[in-house]
Amino acid sequence: MFRWLFRTLGWLLSLLVRLAFVVAVVVFAASIAFGGLPVDGGVGDLLGDLGVPADVGDIGALGAVDNDSAGGVGGIGSIVDDEADGSGGTAGAGTNASTVSASETSELNGTKLEYLIHRNVNEERAERGKSNLSFDTDLRPVARYHSTDMANRSYFSHVGPDGETLADRYRRFDYQCRVKTGTLRYATGGENILYTYYDAPVSMDNRTVQYDSQEELAHGIVNGWMNSTSHRKNLLKPYWENEAIGVHIEQIDGRTRVYATQNFC
């Protein structure tokens with residue numbers, strides 16, 4: 001009788017081990033099929049499919065998010081005197097993403113500013129031994145769209161008023177990003193955001209600055225990201241291969257406000 005009982009228990013134990021093995025194989029296969037294993041956890045890992053950032057600490061002008069690090073603080077963007085609220089229509093979610101073009105004023109050319117920012121980014125990376133990023137014109141519409149959307153709908157966040165996330169924007173443009181970061185580990189995109197003012201006093205790091213040329217403005221935008229721990233970490237990731245900069249320029253009560261979005265892949 002005991003011999004039969006032991007055989008039965010042994011059979012059940014063997015069955016459980018086999019089932020556990022099958023489940024492990026299925027989970028592993030699914031993780032590979034749907035974007036690989038998650039990147040090592042960081043301060044602001046995204047929840048779900050590159051969705052709501054776990055800890056985005058935007059204060060007025062800075063924002064950073066990717067699937068390894070999120071959370072931005074900083075001072076660029078808060079104008080010295082009373083800051084005017086953003087204005088505009090409701091072109092955001094309803095805008096045909098593929099038609100978002102560069103914006104400009106009489107003094108600022110959006111496309112030129114985008115490339116100046118990109119040049120400054122690569123200079124910062126080169127100084128720290130990181131590889132240069134290519135400017136991805138297929139990714140640029142994502143960045144331009146988000147900058148324009150924030151301006152038109154008067155918000156400043158990685159998540160739109162209707163809940164649109166970074167992952168949603170990549171999908172909106174059918175942009176596929178999958179960058180290997182380690183064995184069976186992948187990054188699927190990242191983002192820094194910022195707004196500031198051109199030709200007007202701006203508070204930055206307890207001091208006042210004013211940008212009087214496109215070159216100064218581009219340097220100031222990148223400097224703002226570099227002066228924030230989370231943004232600098234995002235910008236200097238060693239595994240990024242491409243980036244795109246998208247700016248939106250608008251006049252607010254006689255002041256020139258500039259939104260900049262930086263997307264990675």
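## A buried glutamate and its partner

Glutamate 164 has a relative accessibility of 8% and therefore counts as buried, since buried means under 20% relative accessible area. In this predicted model, the side chain of glutamate 164 meets that of arginine 172 in a salt bridge, with 3.2 Å from N to O. Arginine 172, at 32% relative accessibility, counts as partly exposed.

## Other salt bridges

The structure holds 10 salt bridges, and one of them joins the side chains of arginine 169 and glutamate 191 at 2.9 Å, N to O. This pair links distant parts of the chain, with arginine 169 in helix H5 and glutamate 191 in strand E6, 22 residues apart. Arginine 169 and glutamate 191 are both buried.

A further salt bridge is formed by aspartate 162 and arginine 153, whose closest N and O atoms are 3.6 Å apart. Aspartate 162 is partly exposed, with a relative accessible area of 46%, and arginine 153 also counts as partly exposed, at 22% relative accessibility. Elsewhere, a network of salt bridges links Glu114, Arg140 and Arg144.

## Aromatic pairs

The count of aromatic pairs comes to eight. Among them is the edge-to-face pair of phenylalanine 156 and tyrosine 195, whose ring centres are 5.2 Å apart and whose planes stand at 80° to one another. This pair links distant parts of the chain, because phenylalanine 156 lies in the loop between helix H4 (140-152) and helix H5 (166-172), whereas tyrosine 195 belongs to strand E6 (residues 190-198), 39 residues apart. Phenylalanine 156 and tyrosine 195 are both buried.

Tryptophan 240 and phenylalanine 264 form a stacked pair, at 5.2 Å centre to centre and with 10° between the planes. Here too the pair links distant parts of the chain: tryptophan 240 is in the loop between helix H7 (229-235) and strand E9 (242-252), while phenylalanine 264 is in strand E10 (residues 255-264), 24 residues apart. Tryptophan 240 counts as buried at 1% relative accessibility, and phenylalanine 264 is likewise buried, with a relative accessible area of 0%.

## A ring cluster and charges over rings

Ring pairs link Phe156 and Tyr195 with Tyr197 and Tyr259 into a cluster. Within that cluster, tyrosine 195 also has arginine 257 lying over its face, at 5.0 Å from the ring centre. Another such arrangement involves arginine 178, whose charged end sits over the ring of tyrosine 186, 3.7 Å from its centre.

Note on methods. Residues are numbered from 1 along each chain as its sequence is written. This is a predicted model: local features need pLDDT of at least 70, side-chain atom pairs count only at pLDDT 80 or more; totals for chains, interfaces and linings use all residues. Side-chain values use heavy atoms; hydrogens and water are left out. Rings of Phe, Tyr and Trp (its six-membered ring) pair if their centres lie within 6.5 Å; planes under 30 degrees apart count as stacked, over 60 as edge-to-face and the rest as tilted. Helices (H or I, at least four residues) and strands (E, at least two) are DSSP runs, numbered from the N terminus. Buried means under 20% relative accessible area, exposed over 50%, partly exposed in between (1.4 Å probe, protein chains only). A charge sits over a ring if NZ of Lys or CZ of Arg is within 6 Å of the ring centre and within 35 degrees of the ring normal. A salt bridge is a side-chain nitrogen of Lys or Arg within 4 Å of a carboxyl oxygen of Asp or Glu.
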